[in-house]
Amino acid sequence: MIQQSLYEQVLDYANRANPYPLYAQLRQTPVTRQTDGSYVVSTYREIVSLLHDPRIGSDFRKRSVHDRPPAGLSTNKEQAFKSQVPEVGTEASASNEGSETEVVPSFIGLDPPEHDRIRRQATWPFGPPHKPGRVADMESELICLANRQIDTMKGKSSIDIVEDFAYPIPVTMISKLLGVPPEDQARLHALSEAIIEGIDLDPQKSQEERKRRQEQSGQTFKDLEQYMEALIERHRKHPGSDLLSGLITDYGPDGPMAQPDIVSTASLLLIAGHETTVNLITNGMLTLLRHPDVLERLRREPNLVIRLVEELLRYEPPVQILPNRVALADITIAGTIIQKGSPVILLLASGSRDPARFHDPDKFDPDRRDNMHLGFGCGIHYCYGAPLARLETQIALTELVRRLENPRLAYDQPPYRQSATLRGPRHLIIEIDGVKD
Amino acid sequence: MLRIVVDLNRCESYAQCVFAAPTVFWMKDEESLEYDYAPDDSLLVQVERAAAACPVQAISICWLDEQLEQQGGNHSEQQ
């Protein structure tokens, strides 16, 4: 058997529950070149430096070296699709039959100046300067939603935090934000899940299995794209107060967003809304149940949740890895030359546990003051949905802790989702004595 | 009384504070942040959310003692 590199061990599903000791080993060498020509960066200082470096891009089309070439997949479009989706980043046509559909990455997969313009257009109906109160105004609705979900737990002694709580909250909110009708939500849930599960970097899986999943995932992405086109058409005819209607009809100094960009942006937001905050909320409850003293304190001091969520973003972040950057020039860093055109993989979760930056980094400490974590990245691609993710998680954890009586883990550890990048439990079964009103 | 100080040399205009507390912080244009340094005490939770969300930790919150402030005001008038 071929010896796995440390990074391959991180991707290996066997290490999903606790990748942190592997990150510690990786940090012994801040930048390591992989056999496939990609570079893995694991230390805080180097990650931050590269995220602020204009010589690092996010546009896969600028790669000359392709990491992990899948057997039988060779065209640009297929590579485009494969390399983008793990980061929930693209509206690449995933055609395996060589259709002529144009590859249009969403702004997560673009570089300046296109990135900056499309991100400004996408922010116009979502936040400052035009709609500064959009997220803050969702607070009372979020509190109602969290409490409705908790009401469904009444009379049960055992609940699944993922299915009963952490998934429905962000999914309901992103659907509402995008103006997705409630009757379509189940279908989009299935599509989103199939896309993420289709992107499996696990080196233990056979090439054939990975290829099959990628093809399936590509077809699913086309289905999502078609759904979005139809939804956009409906919103164009009957605009509402939602974000998607805003993208279509309410534009700022950059002018209206082009139709392909609306499709890619809406698809990106939909998938990101389905696959990230669920893990932050679940990781939060798991971490609280592993630290009962902190859980008890949160019950007494609800405002502790503000700093606690920041510490979660450092300690158990839902986005562990940014796998899709590319060197736009030769870059010398930490004694290594990253060659132009090479894929660059940034281990955000490792950087946030770097003892050179954080005191006692493996300790979960909600009172931590110096906490410039990498949970939402940094630089121009800083998480677009961060304000919503923060508010959702703050409210979700506050209400859970306030209302659940004597919550405890049914077993530790929980089963994990497949992805090493978007990491979190598949289920989190907890036992409770009751639910307060 | 609630008081806010933003280190504008650190600020990189991520605008996370504006999302969290939109009546306290606002963007004048794409680059420059402005804020109400003395917001109403009832906005404390929003302000705490804004300070915690700042990716460069540029926001400080403090409480001002009213009596002290009056004394300080008198003092400056005397000068």
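A:Asp360 is partly exposed, with a relative accessible area of 40%. In this predicted model, the residue sits in the loop of chain A that runs between α16 (348–351) and α17. Its phi is near 45 degrees, which is a positive value in a residue other than glycine. B:Ser13 belongs to the loop between β1 (2–6) and α1 (16–20) of chain B.

Two peptide bonds of chain A also deserve a look. A:Pro112 and A:Pro113 are joined by a cis peptide bond, with omega near 5 degrees. A:Pro113 is placed in the loop that links β5 (104–105) to α5 (114–123) of chain A. The bond from A:Pro128 to A:Pro129 is cis as well, and its omega is about 10 degrees. Here the loop is the one between α5 and α6 (139–151) of chain A, where A:Pro129 is found.

In soluble globular proteins, nonpolar side chains tend to be buried together. The largest nonpolar core of this model holds 132 residues. A:Met285, A:Leu404, A:Ile430 and B:Phe25 are the residues with the most contacts inside this core. Helix α17 of chain A, spanning residues 386–403, contributes the most to the core, with nine residues. Another core lies apart from this one and has 13 residues, including A:Leu11, A:Leu22, A:Tyr23 and A:Leu347.

Which residues does A:Met285 touch, leaving out those up to four places away in sequence? The partners are A:Ile161, A:Leu295, A:Leu397, A:Leu400, A:Leu404, A:Pro407, A:Leu428 and A:Ile430.

Helix α17 of chain A can next be followed through its packing. Two packed helices are described by the angle between their axes and the distance between the axes. Helix α13 of chain A covers residues 277–290, and its axis comes within 10 Å of that of α17(A), with a crossing angle of roughly 35 degrees. The crossing of α13(A) past α17(A) is right-handed. On the α13(A) side the contact is made by A:Thr277, A:Leu280, A:Ile281, A:Gly284, A:Met285 and A:Leu288. On the α17(A) side, A:Ala389, A:Glu392, A:Thr393, A:Ala396, A:Leu397, A:Leu400 and A:Val401 take part. By type, the residues of this contact are nine nonpolar, three polar and one charged.

Helix α8 of chain A, residues 168–178, also packs against α17(A): the axes come within 11 Å and cross at roughly 140 degrees. Angles over 145 degrees would count as roughly antiparallel, so α8(A) and α17(A) are oblique to each other. The crossing here is right-handed. A:Ile169, A:Pro170, A:Met173 and A:Leu177 of α8(A) meet A:Leu388, A:Glu392 and A:Ala396 of α17(A). The residues of the contact between α8(A) and α17(A) comprise six nonpolar, no polar and one charged.

Chain B remains to be described as a whole. How many helices and strands are there in chain B? The chain has three helices and four strands, and from the N terminus on they follow the order β-α-β-β-α-β-α. Chain B has 79 residues, of which 39% count as buried. Among contacts in chain B with a separation of 6 or more, 60% come from residues 24 or more positions apart. One residue of chain B, B:Phe25, was met above among those with the most contacts inside the largest nonpolar core.

Conventions. Residues are numbered from 1 along each chain as its sequence is written. Chains are lettered from A and ligands numbered from 1 in the order in which they are written. This is a predicted model: local features need pLDDT of at least 70, side-chain atom pairs count only at pLDDT 80 or more; totals for chains, interfaces and linings use all residues. Side-chain values use heavy atoms; hydrogens and water are left out. A nonpolar core is a set of buried Ala, Val, Leu, Ile, Met, Phe, Trp, Tyr and Cys residues joined through side-chain atoms within 4.5 Å. Buried means under 20% relative accessible area, exposed over 50%, partly exposed in between (1.4 Å probe, protein chains only). Helices (H or I, at least four residues) and strands (E, at least two) are DSSP runs, numbered from the N terminus. Contact means heavy atoms within 4.5 Å. Axes are lines fitted to C-alpha atoms, for helices over the stretch in contact, and angles run from 0 to 180 degrees between N-to-C directions. Angles under 35 degrees count as roughly parallel, over 145 as roughly antiparallel, 65 to 115 as roughly perpendicular and the rest as oblique. A crossing is left-handed if the near helix is turned anticlockwise from the far one by less than a right angle, and right-handed if clockwise. Ala, Val, Leu, Ile, Met, Phe, Trp, Tyr, Cys and Pro count as nonpolar, Asp, Glu, Lys and Arg as charged, and the others, Gly among them, as polar.
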